[in-house]
Amino acid sequence: MKRDGSIEADYKERARIKRRAMLGKRITFTPEEARVLLAEKPKRLRVFPRRTKATPDDSGVRIGTPELFDEADEIDISVTFTWDRAEGEALEKQWRHIGTVQLGGPAYGDSRNGFTPGEYLKPGYVITSRGCNNRCSFCMAWRREGTLHELPIVEGYNVLDNNLLQCSESHIRAVFAMLRRQPERARFTGGLESALLLDWHVAELATLKPKLIYLAYDEPRDYEPLRKAAEMLDEAGLVTSGHAVRAYVLCGYPDDSIESATRRMDETCALGIMPMAMLYRGEDGALPMRDWQRFQREWARPSIIGAKMKGVSCEKS
């Protein structure tokens with residue numbers, strides 16, 4: 001792979017070349033292949049138990065177990081979800097023979113209070129603050145990261161802050177200014193707290209025209225703030241048939257029921273907002289009953305939800 005006139009070793013290609021030689025399919029190499037084979041091994045690899053939309057995909061990333069010719073001095077295994085800890089610990093054993101292994105990540109309470117673009121999240125994803133001042137019983141953000149604290153703002157278009165609207169006005173305005181410079185439309189997939197949404201936030205959002213804004217409907221008491229936020233965003237022309245405004249709807253938590261969760265989904269639809277079911281999983285990561293898993297699948301697919309929203313029961317009042 002050429003960059004600035006030099007060849008950058010692609011380690012997957014290096015492994016492919018070695019494998020061909022090992023199988024006796026090649027005993028001579030082109031000059032470029034030779035340079036790839038002689039390139040220094042990477043000093044550090046980042047390993048993830050699973051790939052998500054946010055997982056980096058550069059040459060220093062691996063998913064799961066080592067490949068035949070993987071080499072590195074340091075291996076950093078990052079586990080995001082508590083239910084993947086067993087897999088992370090199994091990977092730690094499998095990577096030991098490659099180099100020095102460090103096992104961590106959010107699932108282990110490693111908050112990594114700073115943020116380095118592209119390191120543990122794909123380029124474009126950005127975190128400008130950590131922690132949260134709320135103390136929701138079902139949420140791990142405040143337990144892992146403490147009270148809200150602002151970070152230096154770096155470039156990106158998909159904001160993953162736990163609670164951006166708890167930040168200072170100067171910080172929020174600086175984030176909006178950064179988003180206007182991006183080549184892609186802004187996305188607020190970390191969510192915006194409905195109860196904190198102000199007129200000037202909405203005015204800024206209207207100029208940004210984000211591709212996605214997520215609100216939340218976690219508990220019955222969240223409905224009224226959600227309704228007010230939906231009204232404000234609708235008046236600004238942001239609640240459209242393209243479903244740019246959506247809401248995470250927590251379901252399956254202790255004492256919840258399919259009937260109650262369905263009502264929350266329908267209430268969200270009636271506001272013109274697309275609900276996305278978020279299945280509650282406790283500290284141990286155990287999945288709820290199969291009925292809840294079926295419910296979540298039904299309410300987590302935009303095509304299905306969009307069809308529901310066209311129905312009489314989900315027409316915007």
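Asp 84 counts as buried in this predicted model, at 7% relative accessibility. You will find Asp 84 in the loop between β5 (74-78) and α3 (85-95). Setting aside neighbours within four places in sequence, Asp 84 is in contact with Pro 49, Arg 50 and Val 79.

Gly 191 lies 55 residues away from Arg 246 along the chain, yet the C-alpha atoms of the two are separated by 9.3 Å.

Now for the chain as a whole. The protein chain has 10 helices and 14 strands. Of its 317 residues, 44% are buried. If you take the contacts between residues at least 6 apart in sequence, 66% of them join residues at least 24 apart.

| Helix pair | Axis separation | Crossing angle |
|---|---|---|
| α5 (residues 169-180) and α6 (residues 199-208) | within 10 Å | roughly 10° |
| α8 (residues 258-270) and α9 (residues 290-298) | 11 Å | about 10° |

Let us start with α5 and α6, whose axes cross at roughly 10°. That angle makes α5 roughly parallel to α6, since angles under 35 degrees count as roughly parallel. On the α5 side, Glu 169, Ile 172, Arg 173, Phe 176, Leu 179 and Arg 180 take part, and they meet Trp 200, His 201, Glu 204, Leu 205, Thr 207 and Leu 208 in α6. The residues of this contact divide into 6 nonpolar, 2 polar and 4 charged.

The buried residues of α5 are His 171, Ile 172, Val 175, Phe 176, Met 178 and Leu 179. Looking down the axis of α5, you would see these buried residues fall within an arc of 160°, so they line one face of the helix. Their cover includes β7 (125-126), β9 (149-150), β10 (158-159), β11 (187-188) and α6.

The other pair, α8 and α9, packs at an angle of about 10°. These two helices are therefore roughly parallel to each other. Ile 258, Ala 261, Thr 262 and Met 265 of α8 make the contact with Asp 291, Trp 292 and Phe 295 of α9. Here the residues divide into 5 nonpolar, 1 polar and 1 charged.

Both α8 and α9 turn up again around helix α10. In α10 (residues 302-309), the buried residues include Ile 305, Gly 306 and Met 309. Seen down the axis of α10, its buried residues fall within an arc of 105°, so they line one face of the helix. What do the buried residues of α10 pack against? They pack against α8, β14 (274-279) and α9.

Note on methods. Residues numbered from 1 in each chain as written. Predicted model: local features only at pLDDT ≥ 70, side-chain atom pairs only at ≥ 80, totals over all residues. Heavy atoms only, no water. Axes fitted to C-alpha atoms, helices over the stretch in contact; angles between N-to-C directions. Helix = DSSP H or I, 4+ residues; strand = E, 2+ residues; numbered from the N terminus. Parallel < 35°, antiparallel > 145°, perpendicular 65-115°, else oblique. Contact = heavy atoms within 4.5 Å. Nonpolar A, V, L, I, M, F, W, Y, C, P; charged D, E, K, R; others polar. Buried < 20%, exposed > 50% of the residue type's maximum accessible area, 1.4 Å probe, protein only. Arc of directions from axis to C-beta.
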